[in-house]
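Dear colleague,

I am handing over the structure we spoke of, and below it you will find my notes on what turned up in it. Please read them with the structure open beside you.

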Amino acid sequence: MTAYWSLFVARFALLLQYRTAALAGVATQLFWGFVKVMVLEAFFTHVPTTQPMTLHEAIGYVWLGQAFLIAIVPWSGDREIQELIRSGAVGYDLLRPTDLYNFWFTRALALRTAPLILRGIPLLTVTIFLFPIVGLRERSLAFPPSFAAFVAFVLSFIGAILLSSALTMLLTVSMMWTVSGEGINSIFPAIVTIFSGMIVPLPLFPEWSKPILNALPFSGLLDKPFRLFTGNLLPNSLFNVLLHQIFWIVIIVILGRFLVKRGVSKLVIQGG
Amino acid sequence: MNNFLLYFRYISVSFKSQMQYKVSFLLQVLGQLLGTIIEFLGIWVLFSRFDTIGTWKLSEVALFYGLINISFAFADALGKGFDSFAKIIRNGDFDRLLLRPRTTVLQLLGTEFTLKRIGRFSQGIVVMAWSLSTLHIPFTLETLWLLGTSFIGGVALFVGIVIIQATLTFWTIESLEIMNILTYGGVETAQYPLSIYSKWFQRFFTFLIPLGCVSYFPMLAVLEKEDNFAVPLWFCYVSPIAGILFLIVALQLWKIGERYYCSTGS
């Protein structure tokens, strides 16, 4: 356990180095958020009927998305591991006395949590505290409606990070089968962004598609935690949310472990 | 050999090299295509719930969407050399370009014509065609002029933006992610009519970065909506020129940057 913890801390510290890039990222994310918020406002203002989520909930959902997208959307596999696989240096990782899947999973976990500090916290601070001060209360991120909602969000968010890391692992391991990895690495993020609610909040999707969207693993990444935060989903549904996340985490980890095992057994280290 | 011919030589070499790995190329095009299709799916989802955005229908918004995407895809394919300029500066490759008896702009534009952008481009064309046929917009000379100048102005504007982005590298050595606001952010913005946004935002994308001039205003004339927004008709016909003016300004900045350049020595 201590080995994994040291690895996590080391990776985490390394990833925290990219501060300037993160600052630029925060500004970019804010801009993006504003465009999304204005588009949603324009859609909401002319509609007389009630929608499955209020404009303010939708705005909160967008800001949470901007704050956490780098962290919890599995955009790509661990590029360094993929490079190791391509170059054959993965042989060193095979020699370590630790379980390969756990070893890589720890790295994925660090990859997903470092952006929380660098991008998540600044963006949350700006959208929760600064916006109301500068007269953008309508467009700010509101606090969760109750303490229970906040706790539910935190718990489901931990589930989301684990789920995202498990999915990251699938992408990383896909490199063992395709040499360039470009195919899966460019198609997968597109699927994740739409089905997780990153492009349009899932409650705004057509009613008929909701059972499918809710069942897919991707709704556990952003949609469910964010709805708990904004109050769109009541805290008493936390149990179902966690169950859904745990179910998918177990399945994806088992699949990932299987793929790593198969991959290693057929792995040919090229060159010397 | 004149510059134009030379440019085509560059491009044909670049095409050949990109077609070397056909499967990888196809997968990338597919990935691009899927990415943009999903973007449009997002717009469709919102329309299926809300029906209209302000006074605009989906078929009208599709015109804005299609147009900005083909302009951007083309400019993005063209400007690859400027896009990876930070790397060129860092390994000192720029010194090599300076030694050659051609302008650096030509050489950088010729670095690579990124073919995989065809995914976004073709999707933009399809969406635009759908919009034009659903709205029964006749193919008159006026329409062709508006669409054509819009496209050219849009390409010029986006190429101008990547040139400015690259110019900044002369001072920072680092490429700045924040400039993505103007490229990808610009595309995202111009996928909807400018009138739905806040006033300050509209002004920013009209006067500072003339994105509205190359897409919003000419499309108002195509959709015959200029009266609703109190824009004189003649302005819709000439506004795309702003994109070309922007490119000219960008090229001037590039020249200034080049004079300032001193090698990193790598």
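A:V151 is partly exposed, with a relative accessible area of 33%, and this residue is placed in helix α7 of chain A, which covers residues 147-173. Please keep in mind throughout that the model is a predicted one. A:V151 belongs to a nonpolar patch on the surface, made up of A:F147, A:F150, A:V151, A:V154, A:L155, A:I158 and A:L162, and together these residues have about 600 Å² of accessible area.

Turning to charged side chains, the count comes to 7 salt bridges over all chains. One of them joins A:D99 to A:R257, where the closest N and O atoms are 2.7 Å apart. Because A:D99 lies in the loop between α5 (90-95) and α6 (100-133) of chain A, while A:R257 lies in helix α11 (residues 238-266) of chain A, the pair ties together parts that are 158 residues apart in sequence.

In chain B, a salt bridge links B:R117 with B:D76, and here the closest N and O atoms are 2.4 Å apart. B:R117 lies in the loop between α7 (104-109) and α8 (118-134) of chain B and B:D76 in helix α3 (residues 58-78) of chain B, so this pair ties together parts that are 41 residues apart in sequence. Is B:R117 buried or exposed? With a relative accessible area of 13%, B:R117 is buried, because it falls under 20%, and B:D76, with a relative accessible area of 12%, is likewise buried. Apart from these pairs, A:E207, A:K210 and B:R49 are linked in a network of salt bridges, with residues from chain A and chain B taking part.

Aromatic side chains are the next topic, and the structure holds 36 aromatic pairs over all chains. Among them is the pair of A:W63 and A:F131, which is edge-to-face, with 5.3 Å from centre to centre and 80° between the planes. Since A:W63 lies in helix α3 (residues 55-72) of chain A and A:F131 in helix α6 of chain A, the pair ties together parts that are 68 residues apart in sequence. Both A:W63 and A:F131 are buried.

In chain B, the rings of B:W234 and B:F235 have their centres 6.0 Å apart and their planes at 90°, so that this pair is edge-to-face. B:W234 counts as exposed at 59% relative accessibility, whereas B:F235 is partly exposed, with a relative accessible area of 24%.

Ring pairs also link a cluster that includes A:F31, A:W32, A:F34, A:W63 and A:F131 from chain A, together with B:Y197, B:W200, B:F201, B:F204 and B:F205 from chain B. Lastly, a charge meets a ring in chain B, where the charged end of B:K225 sits over the ring of B:W56, 4.1 Å from its centre.

With kind regards

Terms used. Residues are numbered from 1 along each chain as its sequence is written. Chains are lettered from A and ligands numbered from 1 in the order in which they are written. This is a predicted model: local features need pLDDT of at least 70, side-chain atom pairs count only at pLDDT 80 or more; totals for chains, interfaces and linings use all residues. Side-chain values use heavy atoms; hydrogens and water are left out. A salt bridge is a side-chain nitrogen of Lys or Arg within 4 Å of a carboxyl oxygen of Asp or Glu. Helices (H or I, at least four residues) and strands (E, at least two) are DSSP runs, numbered from the N terminus. Buried means under 20% relative accessible area, exposed over 50%, partly exposed in between (1.4 Å probe, protein chains only). Rings of Phe, Tyr and Trp (its six-membered ring) pair if their centres lie within 6.5 Å; planes under 30 degrees apart count as stacked, over 60 as edge-to-face and the rest as tilted. A charge sits over a ring if NZ of Lys or CZ of Arg is within 6 Å of the ring centre and within 35 degrees of the ring normal. Patches are made of residues with over 30% relative accessible area and no salt bridge: like charges are joined within 9 Å, nonpolar side chains (Val, Leu, Ile, Met, Phe, Trp, Tyr) within 5 Å. Accessible areas come from the Shrake-Rupley method with a 1.4 Å probe; for residues, only the protein chains shown count as cover.
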